[in-house]
Amino acid sequence: MKRSALISFRRHRHPWRGVAAAVFGLLLTGCGDNGAATTESTAAPASVEATLRAQFENAKPGDVIEVPEGTHSIRRPLILKTDNVTVRGAGMDRSILSFAGQLAGGEGVLVNASNFVIEDLAIEDSIGDALKISDGENITIRRVRTEWTNGPDTENGAYGIYPVQTRNTLIEGAIAIGASDAGIYVGQSDQVIVRNCKAAYNVAGIEIENTVHADVYENVAEHNTGGILVFNMPDLPMAGHSTRVYNNEIRNNNTDNFAAPGTAVSGVPAGSGLVVNSNDLVEIFDNDFEGHRTAHIVLSSYFSANYAGQQETAEAFDPYPEQILIAGNRYGKGGYEPALPPLEAARNTLFGADGTLPAIVWDGIVAEGRSARICVQDEVDVLNADTANDFANPGTAMAEHRCELPRLPAVSLGR
């Protein structure tokens, strides 16, 4: 069967603002016992970077590492491997770790620990991922800002906030800006909440990938290439499912794709509000969608992704999006200038030069002998793009989508 990519690559670069950072020491003077003014031979105190590095590397369970106010130049990653540690700043606009002069290492802050809390600080301009947390349980990321201050650029780090292979993870009140892959990304994890966050000017604003039991709610995703993504990648042993995306503001995600060529998100078309690829048991409800040039919601299989056939597939991988419930959402303007030429052609053919695509675009690829069970309870149509046949016969046929599904339980982390 001939396949054409529903998700294709676009690239763009924008100038943005810059941030300068400086750290300086103080020379100390003192007086002798006889009252005469003397100058002691005292070494300058350790820099903030040196102090933080020692605290991270020598941390004991129960430690609280305080990041002082100011913009602090950090030249190498800060690495923590101790459980039960809190890293706390004075606020995401007051305690800033700037990696603009980073000399080595891929990440800004790298954590491999459980019972970890990081809050009230910012991480800027790292070479690679800003904050990466792996192989931990009971992770709390609260009021953390990650940003590449030059704006959307392919040379920016891939991920802003990046917990992977974690369990019981809470991300709340965070801000992620300028990531060349995903601003807030949760991968291969179980029991996750992402709430009250803002993601802007990333390729993917918020991405849930190969993750089980995730609730994504009360967030704002705007000015990304794709606002919120729920993906399953084929080459990972853990298959994701059971994600609820609700009560979010998903708007104006039309930034041209600036991901590195060949990456999974390099195929996300500009103007995509929410994209589900190869993932099952996804609920999309009570969201506000506005201003997406391609479509408010895109549902696609592995076979219409730009990376199809390029990787080994894990035994647990299911390439089809199934058991998708869409209900109670509100939709503004969308589908007026699709980024993919075949969808633009479908818009003109089916709806006229001044028409728009339906709120939901589906690639139409279904497993033989199975039903996708894409249930839409909103008063909108679904465009079957007929991707398997090179978009030869797109159309809307809603009868199969007027259905119901059992509701998923809420994720509860106790915090």
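Figure 1. Asn-252 is partly exposed, because its relative accessible area is 30% (buried means under 20%, exposed over 50%, and partly exposed in between, with a 1.4 Å probe and protein chains only). You'll find Asn-252 in the loop between E23 and E24; helices (H or I, at least four residues) and strands (E, at least two) are DSSP runs, numbered from the N terminus. Phi of Asn-252 is near 55°, a positive value in a residue other than glycine. A quick note for every view here: this is a predicted model, where local features need pLDDT of at least 70 and side-chain atom pairs count only at pLDDT 80 or more, while totals for chains, interfaces and linings use all residues. Residues are numbered from 1 along each chain as its sequence is written, and side-chain values use heavy atoms, with hydrogens and water left out.

Figure 2. Thr-255 lies in the loop between strand E23 (249–251) and strand E24 (272–277). Is Thr-255 buried or exposed? Thr-255 is buried, since its relative accessible area is 10%. Its side chain reaches the backbone oxygen of His-223 at 2.6 Å. That's a polar contact: a pair of N or O atoms within 3.5 Å, where, within protein, one must be able to donate a hydrogen and the other to accept it, and residues adjacent in sequence count only if both atoms are side-chain atoms. Leaving out residues up to four places away in sequence, Thr-255 touches Pro-152, Tyr-201, His-223, Asn-224, Thr-225 and Ala-270 (contact means heavy atoms within 4.5 Å).

**Figure 3. Tyr-201, one of the residues that Thr-255 touches.** Tyr-201 sits in a loop too, between strand E17 (198–200) and strand E18 (204–209). With 26% relative accessibility, Tyr-201 counts as partly exposed. Its phi is near 60°, and that's a positive value in a residue other than glycine.

**Figure 4. An open sheet of 11 strands.** In what order do the strands of this open sheet come? The order is E5-E8-E10-E12-E15-E18-E21-E24-E27-E30-E32, and the pairing is parallel (two strands pair if DSSP finds at least two bridges between them). Strand E5 (78–80) and E32 stand at the edges with a single partner strand each, so one side of each has no neighbour in the sheet. On average, neighbouring strands are turned by 10° against each other, direction ignored. Zoom in on E24 and strand E27 (residues 295–300): they run parallel and are joined by 5 bridges. Here Leu-274 stands opposite Ile-297 in E27. Helix H1 (residues 48–57) packs on the sheet, where H1 touches E5 and strand E8 (109–111), and its direction makes about 20° with that of E5. Axes are lines fitted to C-alpha atoms, for helices over the stretch in contact, and angles run from 0 to 180 degrees between N-to-C directions.

**Figure 5. The two sides of helix H2.** Leu-343, Ala-346 and Arg-347 are the buried residues of helix H2 (residues 341–351). They're on the same side of H2, because they cover an arc of only 105° around the axis (taken from the directions from the helix axis to the C-beta atoms). Over on the other side, Pro-341 and Thr-349 are exposed. What do the buried residues of H2 pack against? They pack against strand E30 (360–362) and strand E32 (382–384). After H2 comes Gly-352, with a positive phi near 90°.
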